[in-house]
Amino acid sequence: AMPVTDDVEVNVAVRYDDYSDFGDNTAPKISLRWQALDNLVVRASYSEAFRAPGLDELNAADSFSAEDAIDYVNGETTSKQFDTWYRANADLGPETSEYTNFGIAWDVTDNFGIKLDYFNLKIDDVIQTKTVQALIEDEQRGELTALSADADTSNTTFYLKRSPSGKLIEAGTGYYNGAGFDIEGIDL
């Protein structure tokens, strides 16, 4: 915390993480607080964050399940369960985020105050799993090619196995870094 003047304070922070099984990251934060009037504060902040993948997301043993999906590629129109193998992803990257906030706090009277804040949160590379339905949609768009029923998938995370007739026999999925999202709004 650094007082710039009697009315202005700047706060600076840095967080460093070092994971023995993943890597490291440095995440900064800076904020400004200005006491514009005795009853009015103006504030702003910017920060970055980091979330390393969990050990299970990186190293868990393969697990079996049955997941519902509609196999549009094979002409199906109703949901069915498909054999699904879930696999960890040793190449999974971290989630990262940026947060920005601007606001004011006004004490109108001793018993009544108003706070108004604008915020923006951007998260990139969200760690998530891909559903079997999403794999089928990837196949429809030409982003994934189905494999034969006897294909070796021991080194493949995302796949669909189909019989010669086109019937979906098995799917493989797991963790990946998705596109992310932005949230912004105003709190009053």
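Predicted model: local features only at pLDDT ≥ 70, side-chain atom pairs only at ≥ 80, totals over all residues.
Contact means heavy atoms within 4.5 Å.

**The whole chain**

Display the protein chain as a cartoon and orient the view along the principal axes; the C-alpha atoms fill a box of roughly 75 × 40 × 25 Å. The radius of gyration of the chain is 25 Å, whereas a compact globule of 188 residues would have one near 16 Å. Colour by secondary structure next: 2 helices and 11 strands are present. Followed from the N terminus, these elements run β-β-β-β-α-β-β-β-β-α-β-β-β.

The accessible surface of the protein chain comes to about 11,700 Å², and carbon and sulfur atoms hold 51% of it. Of the 188 residues, 33% are buried. To inspect the charges, select the 14 positive and 35 negative ones; their mean positions lie 4 Å apart. Among contacts with a separation of 6 or more, 57% join residues 24 or more positions apart.

**The largest nonpolar core**

Select Ala69, Phe82, Val132, Leu135, Ile136, Leu144, Leu160, Leu168 and Ala171, the 9 residues of the largest nonpolar core. Helix α2 (132–140) and strand β11 (168–187) each supply at least two of its residues. The greatest contribution comes from α2, with 3 residues.

Residues up to four places away in sequence aside, Leu160 touches Leu135, Ile136, Glu139, Leu144, Ala146, Leu147, Leu168, Glu170 and Ala171.

**Glu139**

From Leu160, move to its contact partner Glu139, which is located in helix α2. Is Glu139 buried or exposed? Glu139 is buried, because its relative accessible area is 14%, under the 20% cut-off. Show its surroundings: beyond the neighbours within four places in sequence, Glu139 is in contact with Val73, Leu144, Ala146, Leu160 and Arg162.

**Thr157**

The last stop is Thr157, in the loop between β9 (147–148) and β10 (159–162). Finally, draw a C-alpha to C-alpha distance from Thr157 to Asp138: the two residues are 14 Å apart in space and 19 residues apart in sequence.

Notes. Residues numbered from 1 in each chain as written. Heavy atoms only, no water. Core = buried A, V, L, I, M, F, W, Y, C linked by side-chain atoms within 4.5 Å. Buried < 20%, exposed > 50% of the residue type's maximum accessible area, 1.4 Å probe, protein only. Helix = DSSP H or I, 4+ residues; strand = E, 2+ residues; numbered from the N terminus. Rg over C-alpha atoms; globule rule 2.2 N^0.38 Å. Areas by Shrake-Rupley, 256 points an atom, 1.4 Å probe, with all protein chains shown as cover. Lys, Arg positive; Asp, Glu negative; His and termini not counted. Charge placed at Lys NZ, Arg CZ, Asp CG, Glu CD.
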